[in-house]
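Let us walk through this structure step by step.

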Number of protein chains: 4
Amino acid sequence: MTFIKRSIDATTAERAIAAAAEKATEMKIPMCIAIVDESGDLKAFRRMDGAPKLSVEISQNKAYTAACFGMATHAWYDFIKDDAPLLHGIPIQLEGGVVGAIGVSGGHYSHDMEVARAALAAIGAEAK
Amino acid sequence: MTFIKRSIDATTAERAIAAAAEKATEMKIPMCIAIVDESGDLKAFRRMDGAPKLSVEISQNKAYTAACFGMATHAWYDFIKDDAPLLHGIPIQLEGGVVGAIGVSGGHYSHDMEVARAALAAIGAEAK
Amino acid sequence: MTFIKRSIDATTAERAIAAAAEKATEMKIPMCIAIVDESGDLKAFRRMDGAPKLSVEISQNKAYTAACFGMATHAWYDFIKDDAPLLHGIPIQLEGGVVGAIGVSGGHYSHDMEVARAALAAIGAEAK
Amino acid sequence: MTFIKRSIDATTAERAIAAAAEKATEMKIPMCIAIVDESGDLKAFRRMDGAPKLSVEISQNKAYTAACFGMATHAWYDFIKDDAPLLHGIPIQLEGGVVGAIGVSGGHYSHDMEVARAALAAIGAEAK
């Protein structure tokens, strides 16, 4: 009658954000980092001092979109999934499923992705 | 040509959220905690595990509204400012000005406010 | 605990609008001119007599968007920033930072941009 | 087949705003001042340095509402027209008709109204 959803917990989300912020600080680019849960709802967020206003929205949209795509099996996902600018955010895969997603905004998309990957590495999640 | 605005920094915002989450954990009520900056833009956010979906939006709206009211001097603000259900969020006053605001959602409003006040106490901010 | 944001002051905003209106009068095109601050909130506005109703909204949207983009460092901003129809408004850079933005509407976009640039010149701001 | 609408011109609107800002400066209360035309569309606007964010919207809403009420003949307008807190803004009557309206926000409503009246006096308009 029911089924189980696995969702990223707050501690892990904060750990991911801390690692992302550390990476962005190292790159000297103030960014916004958003983590959403498996349903696309905001789980944790940080706007680094000086991060552009636009990135407040964009980082959340990226994470939301990635959470949606993460659970999708559409063929075109396979088509775009290695093309970062098209996907922007990254689904977070833990314990065998997509439990959330991360969106980063503030720099060139290659910088944003580098920061997102640093966050995933810190929590032992591999990009799907 | 220009004038200065003072804004809550990311470290302080995270410290406020950590204190709020600790208080909410102690009360055994999973909550959402949102911190916005002096312009009402989201600065930091945490959804505790199990916090209701509705509180994701509500906590952010509360913080946004409080940031707006925090800078207002309308007489009716004085009238409602001690009546939590009417105001909902709390402006954050630091270094002589309103630099942001906090919104908490997940429990009865009196619980939400208790958590918000714990956050303010942790960063040495007094409710305006 | 806090950090500083720099914002365009009212005197400078009015000076920019006066210069824009003078330019538009010279071109015999009634326009709307909007100045927003660094957070995208309206700072000063003028609808010249006869300016189209639609331009009331459009000028403000242009300024808002430019304020957001002004603080962004996305590579695609560099790509579009010399292509007026894509960006529409212009961030205002003063004293080393983006402190606001201007949006003009009422004529062909090339006329709108000419008026916006006249405003920036009058306050010694360079287009970012 | 047609009829004439009389609308406040940009010069007069700017003169009203300058007088309002002077009065507010004298009262040491930073305010937002909005002038709309006879149709309720924004004609001129100024946010004084330090005026609360909330007043950006409120001043415009007040002016819009007053422009609507100014042209209305509903009995309840007569009922509320001397009760400032209910009406908030003031229609601008010039050359025999309502040609626009002013909305001021930033202080206690009695301060807001005092500033609005100073603006009307400066352009020789009497409150309807």
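In this predicted model, chain B and chain C bury about 1,700 Å² between them. Carbon and sulfur atoms give 50% of that area. The size of an interface is often given as the accessible area lost when the parts come together. Chain B brings 19 residues to the contact, and chain C brings 19 residues. B:Met1, B:Thr2 and B:Lys5 stand out: they supply 42% of the area that chain B buries against chain C, more than any other three residues.

How are the two chains related? A rotation of 180°, with 0.0 Å of shift along its axis, superposes chain B on chain C. The RMSD is 0.0 Å. That is the relation of a two-fold axis. B:Lys5 has the C-alpha nearest the axis in chain B, at 2.4 Å from it. Of the interface residues of chain B, 100% are also interface residues in chain C, so the copies meet through the same surface.

Now look inside chain B. Helix α1 of chain B (residues 10-26) packs on helix α5 of chain B (residues 109-122). The angle is about 135°, and the axes lie 8 Å apart. An angle of that value makes α1(B) oblique to α5(B). Their crossing is right-handed. On α1(B), the contact is made by B:Arg15, B:Ala16, B:Ala19, B:Ala20, B:Lys23 and B:Ala24. On α5(B), B:Glu114, B:Val115, B:Ala118, B:Ala119 and B:Ala122 take part. By class, this contact of α1(B) with α5(B) has eight nonpolar residues, three charged residues and no polar ones.

Methods: Residues are numbered from 1 along each chain as its sequence is written. Chains are lettered from A and ligands numbered from 1 in the order in which they are written. This is a predicted model: local features need pLDDT of at least 70, side-chain atom pairs count only at pLDDT 80 or more; totals for chains, interfaces and linings use all residues. Side-chain values use heavy atoms; hydrogens and water are left out. Axes are lines fitted to C-alpha atoms, for helices over the stretch in contact, and angles run from 0 to 180 degrees between N-to-C directions. Helices (H or I, at least four residues) and strands (E, at least two) are DSSP runs, numbered from the N terminus. Angles under 35 degrees count as roughly parallel, over 145 as roughly antiparallel, 65 to 115 as roughly perpendicular and the rest as oblique. A crossing is left-handed if the near helix is turned anticlockwise from the far one by less than a right angle, and right-handed if clockwise. Contact means heavy atoms within 4.5 Å. Ala, Val, Leu, Ile, Met, Phe, Trp, Tyr, Cys and Pro count as nonpolar, Asp, Glu, Lys and Arg as charged, and the others, Gly among them, as polar. Copies are superposed by least squares on the C-alpha atoms of residues with pLDDT of at least 70 in both. Buried area is the accessible area (1.4 Å probe) that two parts lose on being put together, summed over both.
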